[in-house]
Amino acid sequence: VQLQASGGGLVQTGGSLKLSCAASGRTSTIYTLSWFREPPGKAREFVAAATTSGGYTSVAESAQGRFTITKEKDENTVYLQMNSLVPEDTAIYYCAAGWEVTSTPGRYNYWGQGTLVTVSS
């Protein structure tokens, strides 16, 4: 499975960005597509997850009310709509694919290359 993340960039506080993660290859073998982020100097942390059917989604508490993850059933792409961005959201955002819904990075089998999101104050 290959994952291609895109959509990062520079945005001001309060702005919005929409990230995309396109999965290709043996996508029938994965159950979950998720987003993680790695702030400067910090560990990778869970942001949001969606099952490949699009029937279940989960968003980290720190992002609830601001971030939305969507996955259309017939598409191999997961989206992360990020609103009301603040400087603390600055990070490299990674998409990941795996066989279970979990917030633990080590449980994911495939990772994209990451896309940088910078929120200026």
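User: Which residue in E8 is the bridge partner of Lys71?

Analyst: This is a predicted model, in which local features need pLDDT of at least 70 and side-chain atom pairs count only at pLDDT 80 or more, while totals for chains, interfaces and linings use all residues. Residues are numbered from 1 along each chain as its sequence is written, and side-chain values use heavy atoms, with hydrogens and water left out. Strands here are DSSP runs (E, at least two residues), numbered from the N terminus, and two of them pair if DSSP finds at least two bridges between them. In E8, the residue bridged to Lys71 is Val78.

User: Which residue in E8 stands opposite Cys21?

Analyst: Strand E3, residues 17-24, also pairs with E8 in the antiparallel sense, here over 6 bridges. The residue of E8 that stands opposite Cys21 is Val78.

User: Which strands stand at the edges of the open sheet, and why is one side of each left without a neighbour?

Analyst: The open sheet has 4 strands with antiparallel pairing, in the order E1-E3-E8-E7. Each edge strand has a single partner strand, so one side of it has no neighbour in the sheet; these strands are E1 (2-6) and E7 (67-71).

User: Is Ser84 buried or exposed, or in between?

Analyst: Ser84 lies in the loop between E8 and strand E9 (91-98), and has a positive phi of about 50° although it is not a glycine. Buried means under 20% relative accessible area and exposed over 50%, with partly exposed in between (1.4 Å probe, protein chains only). With a relative accessible area of 40%, Ser84 is partly exposed.

User: Where is Tyr31 placed?

Analyst: Tyr31 is partly exposed, its relative accessible area being 44%. The place of Tyr31 is the loop between E3 and strand E4 (32-38).
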